[in-house]
Amino acid sequence: MRTGYLILGLVLAGCVNEPEPPLGKQLFAQNCVGCHGTDGKGEGWVSSSLSVKPADLTTISARNGGRFPLSDVLSSIDGFHRKTLPESTMPEWGFIFSDGPLEQIDTGDGVLTPVPEPLIALARYLESIQEL
């Protein structure tokens, strides 16, 4: 009888769904790992064929004096207002991440700016993987 309960318990435990990863992590997995790798360090399967190595996304804050430059990151991803980066081969992703409701956020200039939630989610995920 105990064996039957044990087997039933194992079967039911296998039916429990794992929680879905946060949106930003999902978007990163779907769109960024080819170039930046699963760990964000720039070693994705596409990276060896690129003329410029993809950035190590885990050191964004370290390269900016310990501060995560949200506005610059959003701009680099969406590409619509990107600073001139002649060495960058980063494609524009704004059209991919522009769906969804807008969230009003302060991107660092003290002004609330409407930004698509998927773009914010991806940027916040990148912020979460920073190594200082």
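Which residues have the most contacts inside the largest nonpolar core? Select Phe28, Val73, Leu74, Ile77, Leu122 and Leu126. The core they belong to has 21 residues.

Before going on, some ground rules. This is a predicted model, where local features need pLDDT of at least 70, side-chain atom pairs count only at pLDDT 80 or more, and totals for chains, interfaces and linings use all residues. Residues are numbered from 1 along each chain as its sequence is written, and side-chain values use heavy atoms, with hydrogens and water left out.

**Stop 1: the core**

A nonpolar core is a set of buried Ala, Val, Leu, Ile, Met, Phe, Trp, Tyr and Cys residues joined through side-chain atoms within 4.5 Å. Buried means under 20% relative accessible area, exposed over 50%, and partly exposed in between (1.4 Å probe, protein chains only). In soluble globular proteins, nonpolar side chains tend to be buried together.

Now colour helices H2 (23-31), H4 (70-78) and H5 (117-128): these are the elements that give two or more residues to this core. H5 gives the most, with six residues. Helices (H or I, at least four residues) are DSSP runs, numbered from the N terminus.

Next, select Leu74. Leaving aside residues up to four places away in sequence, Leu74 touches Ile105, Thr107, Val115, Leu119, Ile120 and Ala123. Contact here means heavy atoms within 4.5 Å.

**Stop 2: the aromatic pairs**

A search of the whole structure finds two aromatic pairs. Rings of Phe, Tyr and Trp (its six-membered ring) pair if their centres lie within 6.5 Å; planes under 30 degrees apart count as stacked, over 60 as edge-to-face and the rest as tilted.

Show Phe28 and Tyr125. Their ring centres are 5.4 Å apart and their planes stand at 45 degrees, so this pair is tilted. Phe28 sits in helix H2 and Tyr125 in helix H5, 97 residues apart, so the pair links distant parts of the chain. Phe28 is buried at 2% relative accessible area. Tyr125 is also buried, at 16%.

Move to Trp93 and Phe97. This pair is tilted too, with 6.1 Å centre to centre and 35 degrees between the planes.

**Stop 3: Arg63**

Select Arg63, in the loop between helix H3 (33-36) and H4. Arg63 is partly exposed, at 49% relative accessibility. Its side chain makes a polar contact with the side chain of Thr59 (2.6 Å).

Definitions and conventions. Polar contact = N/O pair within 3.5 Å; in protein donor to acceptor, adjacent residues only side chain to side chain.
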